[in-house]
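Subject: Handing over the structure

Hello,

Here is the structure I promised to pass on. Please look it over, then read my notes below.

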Amino acid sequence: MHEQYALSESTLLALETFLDGDANPNGPDFAGMHGFLTGLTVGPRGKLDEEAMLACFDDEAPLPNAQASADLYSDLQAWQKSIHAALYHGVRLVLPCPLHAEPNDDTPLNSWCAGFMEALFLDEDDWYRIDEDEIADMTLPMLVLSDLIEDPDLMPLRRDRKMLAGMTSEIPELITSIYLHFHAPEGH
C-alpha cells in the first residue's frame with residue numbers, strides 16, 4: 001500500500017467496531033462499507049462525497065454528534081482514497097473478507113457485494129450510459145452475490161456452488177477492469 005494513503009490499523013479497527021456495532025443502525029457493516037467505497041471509487045462518481053455519504057446511511061446522520069459524524073466522514077474519505085491509491089498504482093485490491101460465498105447463506109462477501117451494488121445504484125445511468133452490456137457482464141458477480149435483485153434468472157446462479165466459486169474468484173480482476181473502464185486515460 002502506498003503509505004501516504006494508508007489508514008492506520010487503529011483507524012480501521014475503530015471503523016470496523018463502529019460499522020459492525022449496534023451504534024450503526026442505518027449504515028452498512030464493515031465489509032459492506034468497503035464494497036460501497038470500492039463501487040464509488042471504480043465507478044463514474046470516483047469518490048465519496050456528501051450525497052453518497054447520506055445515501056449510505058439512509059439519509060440519516062451516522063452519529064448523533066455532528067463532530068463525530070464529520071470525523072467518520074473524514075475517515076471514510078481517507079479509506080476511499082486508500083482504495084483509489086491501490087487501484088491507481090496497479091495493486092490488486094484486497095477485500096476485507098474472504099472471497100467465498102455459499103448458496104443460500106449470507107457471508108461477508110455478500111455484504112461486500114451489496115455495498116458495491118448500492119454504490120452502483122446511486123449513479124446507475126452513468127454506469128450504463130456507454131457499453132451497457134460490458135458493464136453488466138463485469139458487475140454480474142457482484143449483482144448475483146448481493147442478493148438485492150429478485151430476478152428468477154439469477155436464482156440458478158445463486159444456488160450453483162461451482163458457479164459461485166468461479167464468480168467470487170473473478171471479483172478482484174473485475175474491480176480493476178471496471179476501474180480502468182471509467183478512469184484510464186483515453187487510448188490506453
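A term to start with: a residue is buried under 20% relative accessible area, exposed over 50%, and partly exposed in between, using a 1.4 Å probe and protein chains only. This is a predicted model, so local features need pLDDT of at least 70, side-chain atom pairs count only at pLDDT 80 or more, and totals for chains, interfaces and linings use all residues. Residues are numbered from 1 along each chain as its sequence is written, and side-chain values use heavy atoms, with hydrogens and water left out.

**Overall picture**

The protein has 9 helices and 0 strands. Helices here are DSSP runs of H or I with at least four residues; strands are runs of E with at least two; both are numbered from the N terminus. The radius of gyration is 16 Å, which agrees with the value near 16 Å for a compact globule of 188 residues. That radius is taken over C-alpha atoms, and the globule rule is 2.2 Å times the number of residues to the power 0.38. Along the principal axes, the C-alpha atoms fill a box of roughly 45 × 40 × 30 Å. Of the 188 residues, 44% count as buried.

Now contacts, meaning heavy atoms within 4.5 Å. Take those with a separation of 6 or more: 68% of them join residues 24 or more positions apart.

**Aspartate 126**

Where does aspartate 126 lie? It sits in helix 6, residues 124–128. Aspartate 126 counts as partly exposed because its relative accessibility is 34%. Leaving out residues up to four places away in sequence, aspartate 126 touches Pro44 and Phe182. Arginine 45 is 81 residues from aspartate 126 in sequence, but 8.5 Å away in space, C-alpha to C-alpha.

Aspartate 126 also has a polar contact of 2.5 Å with arginine 129, side chain to side chain. Such a contact is a pair of N or O atoms within 3.5 Å; within protein, one must be able to donate a hydrogen and the other to accept it, and residues adjacent in sequence count only if both atoms are side-chain atoms.

**Two loop aspartates**

Aspartate 59 lies in the loop between helix 3 (50–56) and helix 4 (66–88). Its phi is near 60°, a positive value in a residue other than glycine. Aspartate 59 is exposed, because its relative accessible area is 59%.

Aspartate 147 is in the loop between helix 7 (132–146) and helix 8 (155–159). Phi of aspartate 147 is near 60°, again positive in a non-glycine residue. At 47% relative accessibility, aspartate 147 is partly exposed.

Best wishes
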